[in-house]
Amino acid sequence: MPRPLKSPGLAIHRRRRAEPFAQLVTRIPRSLRQRVRLVCADQGRVIHDLVAEALREYLRRRQRE
């Protein structure tokens, strides 16, 4: 019998992954990290999805300029 996942959202996240992930290490102010964590917790999201979405949006906007 398979072990249950820690979070049901994790199973959905793993199925949606269209391409392999690469690790990005950066430093941001603690206050910004805390705000991101609160938004993710409120929305039931994981931080890397929010960051990837924000980067895609930033790059999309720059491409239009």
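A residue is taken as buried under 20% relative accessible area, as exposed over 50% and as partly exposed in between (1.4 Å probe, protein chains only). By this criterion, 8% of the 65 residues of the chain count as buried. The structure is a predicted model, in which local features require pLDDT of at least 70 and side-chain atom pairs count only at pLDDT 80 or more, while totals for chains, interfaces and linings use all residues. Residues are numbered from 1 along each chain as its sequence is written, and side-chain values use heavy atoms, with hydrogens and water left out.

The mean pLDDT (the predictor's confidence in each residue, from 0 to 100) of the chain is 84, and 74% of the residues reach 70 or more.

Secondary structure was assigned from DSSP runs numbered from the N terminus, with helices being H or I runs of at least four residues and strands being E runs of at least two. The chain contains 3 helices and 0 strands, and the order of its elements from the N terminus is α-α-α. Among these elements, the lowest mean pLDDT, 55, belongs to helix 1 (residues 8-16), and the highest, 97, to helix 2.

Helix 2 covers residues 30-43. The expected span of a helix is 1.5 Å times one less than its number of residues. For the 14 residues of helix 2 this gives 20 Å, and the end C-alpha atoms are 20 Å apart, in agreement with that value. Gly 44 follows helix 2 and has a positive phi, near 70 degrees. Within helix 2 lies Val 39, which counts as partly exposed because its relative accessibility is 36%. The C-alpha atom of Val 39 is separated by 9.1 Å from that of Leu 50, 11 residues apart along the chain.

A salt bridge is defined as a side-chain nitrogen of Lys or Arg within 4 Å of a carboxyl oxygen of Asp or Glu. A search of the whole structure gives 3 salt bridges. One of these joins Arg 45 and Glu 53, with 2.6 Å between the closest N and O atoms. Arg 45 is partly exposed at 28% relative accessibility, and Glu 53 is likewise partly exposed at 44%.

Glu 57 takes part in a salt bridge with Arg 60, where the closest N and O atoms are 2.5 Å apart. Both residues lie in helix 3, 3 residues apart, or about one turn of the helix. Glu 57 also meets Arg 61 in a salt bridge, at 2.8 Å from N to O; this pair is 4 residues apart in helix 3, again about one turn. An α-helix has 3.6 residues a turn, so residues three or four places apart point the same way. Glu 57 is partly exposed, with a relative accessible area of 26%, and Arg 60 is partly exposed at 38%.

Surface patches are made of residues with over 30% relative accessible area and no salt bridge, joining like charges within 9 Å and nonpolar side chains (Val, Leu, Ile, Met, Phe, Trp, Tyr) within 5 Å. Leu 24, Ile 47, Val 51 and Leu 55 form a nonpolar patch, with about 340 Å² of accessible area together. Val 51 belongs to helix 3 (residues 47-64) and counts as partly exposed because its relative accessibility is 34%.

Methods:
Accessible areas come from the Shrake-Rupley method with a 1.4 Å probe; for residues, only the protein chains shown count as cover.
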